[in-house]
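Please keep the sequence and the model in view while reading.

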Amino acid sequence: MQLVIFSCLVVFAIGQHHHLNNHELQQLVDPGFQSLDINPKDGLLEHDELSKLFDMRDTDGNGNLSREEFGAHTGLDFLFKDPLFDHFDTDHDGVLSKDEFVEKPFAEMNQNGDSEVSRHEFDHFYTQLLHHINQHHG
């Protein structure tokens, strides 16, 4: 996820000058899957892998990611972290719940409903998300 968010930041930085095409967006998404598929490293993302990442990033243990925790998750100080945070903050309460950051994205990525996210499903979801953000914030 860190790599995906980093990729989003790169899209914003580059997108200020021109819109990226789908191939360029795909190249930015590719490394993200490998960074998440860790336990087990089996070519599939399980819900637990994303849930554990959320718990690790929730440094104050309140069950939500603040803008600061999310910003630390991105690892960079680009302004794009705010539009990306806002994309995930669907109830606009200023924090990301596990539902907003894990449950809903996982359900959207898991297109075939098999409770596992394939590389193809992950790539499709994040390429579409980056495309949308690139078009509207680029």
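The sections below treat the overall fold, the confidence of the model, the nonpolar core and the aromatic pairs.

## Overall architecture

The model is predicted. Its protein chain contains seven helices and four strands. Read from the N terminus, these elements follow the order α-α-β-α-β-α-α-β-α-β-α.

Of the 138 residues in the protein chain, 42% count as buried. The accessible surface amounts to about 7000 Å², and carbon and sulfur atoms account for 53% of it. Among contacts with a separation of 6 or more, 59% involve residues 24 or more positions apart.

## Confidence in the model

The protein chain has a mean pLDDT of 79, and 75% of its residues reach 70 or more. Among its elements, strand β3 (residues 95–97) has the highest mean pLDDT, 97, whereas helix α1 (residues 2–15) has the lowest, 44.

Over residues 3–17, pLDDT stays under 50, although the model has 37 contacts beyond four places in sequence for this stretch. Where pLDDT is low, the predicted coordinates should not be read in detail.

In soluble globular proteins, nonpolar side chains tend to be buried together. The largest nonpolar core of this model has 22 residues; F88, L96, F101, M109, F122, Y126 and L129 are those with the most contacts inside it. Helices α2, α3 (47–57), α5 (81–88), α6 (98–109) and α7 each supply at least two residues of this core. The largest share, five residues, comes from α7.

F88 lies in helix α5. Is F88 buried or exposed? F88 counts as buried because its relative accessible area is 3%, and a residue is buried under 20%. Leaving aside neighbours within four places in sequence, F88 is in contact with L96, E100, F101, P105, Y126 and L129. The C-alpha atoms of F88 and D99 are 9.6 Å apart, and the two residues are separated by eleven positions along the chain. L96 in turn touches several residues beyond four places in sequence, among them F54, F70, F85, F88 and F101.

## Helix α6

The twelve residues of α6 should span 16 Å at 1.5 Å a residue. The C-alpha atoms at the ends of α6 are 15 Å apart, which agrees with that expectation. The buried residues of α6 are E100, F101, V102, P105, F106 and M109.

## Aromatic pairs

A pair of aromatic rings is described by the distance of the centres and the angle of the planes. A search of the whole structure finds seven aromatic pairs. In one of them, F33 and F122 are arranged edge-to-face, with 5.5 Å from centre to centre and 70° between the planes. This pair links distant parts of the chain, since F33 belongs to helix α2 (residues 22–36) and F122 to helix α7 (residues 119–137), 89 residues apart. F33 counts as buried because its relative accessibility is 2%, and F122 is buried with a relative accessible area of 0%.

How are the rings of F122 and Y126 arranged, and why? Their centres are 4.9 Å apart and their planes meet at 45°, so the pair is tilted. F122 and Y126 are separated by about one helical turn because they stand four residues apart in helix α7. Both F122 and Y126 are buried.

One aromatic cluster is formed by F54, F70, F85, F88 and F101. F88 and F101 are also among the residues with the most contacts inside the largest nonpolar core.

Terms used. Residues are numbered from 1 along each chain as its sequence is written. This is a predicted model: local features need pLDDT of at least 70, side-chain atom pairs count only at pLDDT 80 or more; totals for chains, interfaces and linings use all residues. Side-chain values use heavy atoms; hydrogens and water are left out. Rings of Phe, Tyr and Trp (its six-membered ring) pair if their centres lie within 6.5 Å; planes under 30 degrees apart count as stacked, over 60 as edge-to-face and the rest as tilted. Buried means under 20% relative accessible area, exposed over 50%, partly exposed in between (1.4 Å probe, protein chains only). Contact means heavy atoms within 4.5 Å. Accessible areas come from the Shrake-Rupley method with a 1.4 Å probe; for residues, only the protein chains shown count as cover. A nonpolar core is a set of buried Ala, Val, Leu, Ile, Met, Phe, Trp, Tyr and Cys residues joined through side-chain atoms within 4.5 Å. The expected span of a helix is 1.5 Å times one less than its number of residues. pLDDT is the predictor's confidence in each residue, from 0 to 100.
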